[in-house]
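Hello,

As promised, I am passing the structure on to you. Please open it alongside this message, and then read on for what was found.

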Amino acid sequence: MSSDCLFCRIVAGELPSSQVYADDSVFAIRDISPQAPTHILLLARKHVASPADLTKADHDLMGKIFAVGAEVAKREGIAEDGYRLVVNVGRNGGQTVDHLHVHMLGGRRMAWPPG
Ligand code: AMP
Ligand code: ZN
């Protein structure tokens, strides 16, 4: 846990969030500024700043995040129509919170390519 990290503080329960899923390694919340009817953030409980900082020890964690995403999508009722999973990396990628997370966007048709 990094005490100055927003998502570490949310995962630790120090800051409020709209939680939709939690287990020992993954925590999912609704995005505070939703960009689609359903916009969920799949957070690693562990503090990893970005996918660029993943190590071999985190391989299972990434698989778990995607598996949890599939389960959450079913619960949210967006699995059948489809959805988008996005990871922003670094400044050009649009990353604003330096704690590993995957965006799940659904409930509308997504454009391609993304902006
Ligand atoms: P990124 O820009 O890819 O790093 O994604 C960070 C996301 O976190 C953005 O979509 C923000 O809207 C979202 N966000 C920022 N603060 C909060 C918060 N307190 N609770 C939920 N989502 C947040
Ligand atoms: Zn963190």
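To begin with, which pocket does the space taken by ligand 1 form? That space is the largest pocket. Please keep in mind that this is a predicted model.

The largest pocket has a volume of about 750 Å³. It is lined by 31 residues, and Asp31, Gln35, His39, Asn88 and His103 are the closest to its centre. The lining draws at least two residues from each of H1, E2, strand E3 (38-44), strand E4 (83-86), helix H3 (90-93) and E5. Sorted by class, the lining has 14 nonpolar, 13 polar and 4 charged residues.

Now to the ligand itself. Around ligand 1 there are 16 residues, of which Asp31, Asn88, Thr96, Val97 and His103 come nearest.

Which elements give two or more residues to the shell around ligand 1? They are helix H1 (6-11), strand E2 (26-30) and strand E5 (101-106). H1 gives the most, with 3 residues. By class, this shell holds 7 nonpolar, 7 polar and 2 charged residues.

Enjoy looking around!

Best wishes

Note on methods: Residues numbered from 1 in each chain as written. Chains lettered and ligands numbered in written order. Predicted model: local features only at pLDDT ≥ 70, side-chain atom pairs only at ≥ 80, totals over all residues. Heavy atoms only, no water. Near = heavy atom within 4 Å. 1 Å grid on protein atoms, 1.4 Å probe; cavity = no way out; pocket = protein on both sides within 12 Å on 5 of 7 lines; lining within 4 Å. Sits in = over half its atoms within 2 Å of the grid points. Helix = DSSP H or I, 4+ residues; strand = E, 2+ residues; numbered from the N terminus. Nonpolar A, V, L, I, M, F, W, Y, C, P; charged D, E, K, R; others polar. Points joined across faces, edges and corners; volume = space filled by probe spheres on them.
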